[in-house]
Amino acid sequence: MFAFFVEGYGWLPNLRRRTTDGVVETRLLGRRVTGLCGPDAARFFYDEANVHRRGAIPGPVQDTLFGRGGVHHLDGVDHRLRKAMFMSMLSGDGIGLLSRYAAQEWEEAAATWATRDRVVLFDETARVLARAVAPWAGLRPDDSLAADLVSMVDGFATVGPRHLRARRARAGRERWLEGVITHAREKGDAPAGSALAAIAEHAGAAGTPLPPRVAAIELLNVLRPTVAVCWFVTFAAHALHLWPEHRERLRDGDPAYTDAFAHELRRFYPFAPFVGGLATHDLEWDDHRIPAGSIVLLDIYGQNHHPLMWPDPYGFAPGRFLDRRIGPYELIPQGGGDPRTGHRCPGEEVTVALLGTLLPLLARLEYEVPAQDVRIPLGRVPTRPRSGMVLANVRAPALRPA
């Protein structure tokens, strides 16, 4: 475990490089671990007959990032029913409405940035996204929501103050949302079509409503990943700082290029280092025995930078995604497989849509990048530019009609 805290995203790829076939056999938290990489490995990993999630997520990660009892812990029928609940929130114009909220909040915030000498883009984008997703989900936003949601993500893979902040933030927000869920059920006043209504009314396989604390956790599983898109917007500003030749095409708002740029952001920049599960029974992969109950890790960072899959993997090249169909087990920053039935993040479509909305708005901003530390340390998980991307002398375009 100490090696992971030191090497971060490089831990599993470094172990793979020391093998002859790219399959890692090691120990983590005292348990046997097999580390895999590649599309075939991803297909193997996401097959519930091989790997399941129940009992696989370490307690510290549950108490910060995912909560205890949410969809990430489920398999089989329970998982599919809970996943269908999340997908129902995104059907119709759900994603489009959230994107419009985000655009409006961004433009209003950008107008205030122009009145300040400097802003930290990471912090500002988190607040924009929190103000957008709260009413979309049927909630009243508050000034500390963005900071709490960021803390949950920022502290899940570390020890010390960041981890303690994440625990406190999750505990407080679970209590708050438990009260919101209980009130909505008693009064029947959750806004129609909102995430709050969908979760409050959801019945599991037994036909009973979710316990209030579990419902609160699932509502956080809507809010938290939406605000986490601030990492990718900050990475976008980093990319435009290093490779400004991409700015003009983003400004034009070409949907195909904007999507390609968003996919390359999610491939190139590190977010989740790997994902794990437990072997359902004694398995074999490429002549390696995987004992039942042992940990199986899929190397996300390694796969997204694999030279056999991505020519010049450490070059930033959005063009690689133009006119390319992405297989379900190739680009896996938010998991692999089918998000409707498997364990791929159902919010991935939301992430891409929000980036499709916010990237052109970012590219249209006029600003300066003052001297700052823009290094991205791979030993920190989740990582981001050290400075959070400080922008100075922002000149925002005129607000469009809401």
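The model is predicted.

Start with helix H12, which covers residues 229-242. How far apart are its end C-alpha atoms? They lie 20 Å apart.

Now look at the cover over H12. The helix is mostly covered, with 12 of its 14 residues buried. An α-helix has 3.6 residues a turn, so residues three or four places apart point the same way.

Turn next to charge pairs. Side chains of opposite charge can pair when their charged atoms come close. How many salt bridges does a search of the whole structure find? It finds 27.

Take Arg173 and Asp148. Their side chains meet in a salt bridge, at 2.8 Å from N to O. This pair links distant parts of the chain: Arg173 sits in helix H9 (residues 161-187) and Asp148 in helix H8 (residues 145-154), 25 residues apart. Is Arg173 buried or exposed? Arg173 has a relative accessible area of 5%, so it counts as buried, the cut-off being under 20%. Asp148 has a relative accessible area of 21%, so it is partly exposed.

Helix H9 also supplies Glu174. The side chains of Glu174 and Arg213 meet in a salt bridge, 3.2 Å from N to O. Again distant parts of the chain are linked: Arg213 belongs to helix H11 (residues 212-227), Glu174 to helix H9, and they are 39 residues apart. Glu174 counts as buried because its relative accessibility is 8%. Arg213 is partly exposed, with a relative accessible area of 32%.

Go back to helix H8 for Asp154. Which residue forms a salt bridge with Asp154, the closest N and O atoms being 3.4 Å apart? The partner is Arg384. Asp154 lies in helix H8, while Arg384 lies in the loop between strand E9 (366-368) and strand E10 (390-395). The two are 230 residues apart, and the pair links distant parts of the chain. Both Asp154 and Arg384 are buried.

This pair does not stand alone. Asp154 and Arg384 are linked with Arg162 and Arg380 in a network of salt bridges.

Definitions and conventions:
Residues numbered from 1 in each chain as written. Predicted model: local features only at pLDDT ≥ 70, side-chain atom pairs only at ≥ 80, totals over all residues. Heavy atoms only, no water. Helix = DSSP H or I, 4+ residues; strand = E, 2+ residues; numbered from the N terminus. Expected span 1.5 Å × (residues − 1). Buried < 20%, exposed > 50% of the residue type's maximum accessible area, 1.4 Å probe, protein only. Salt bridge = Lys/Arg side-chain N within 4 Å of Asp/Glu carboxyl O.
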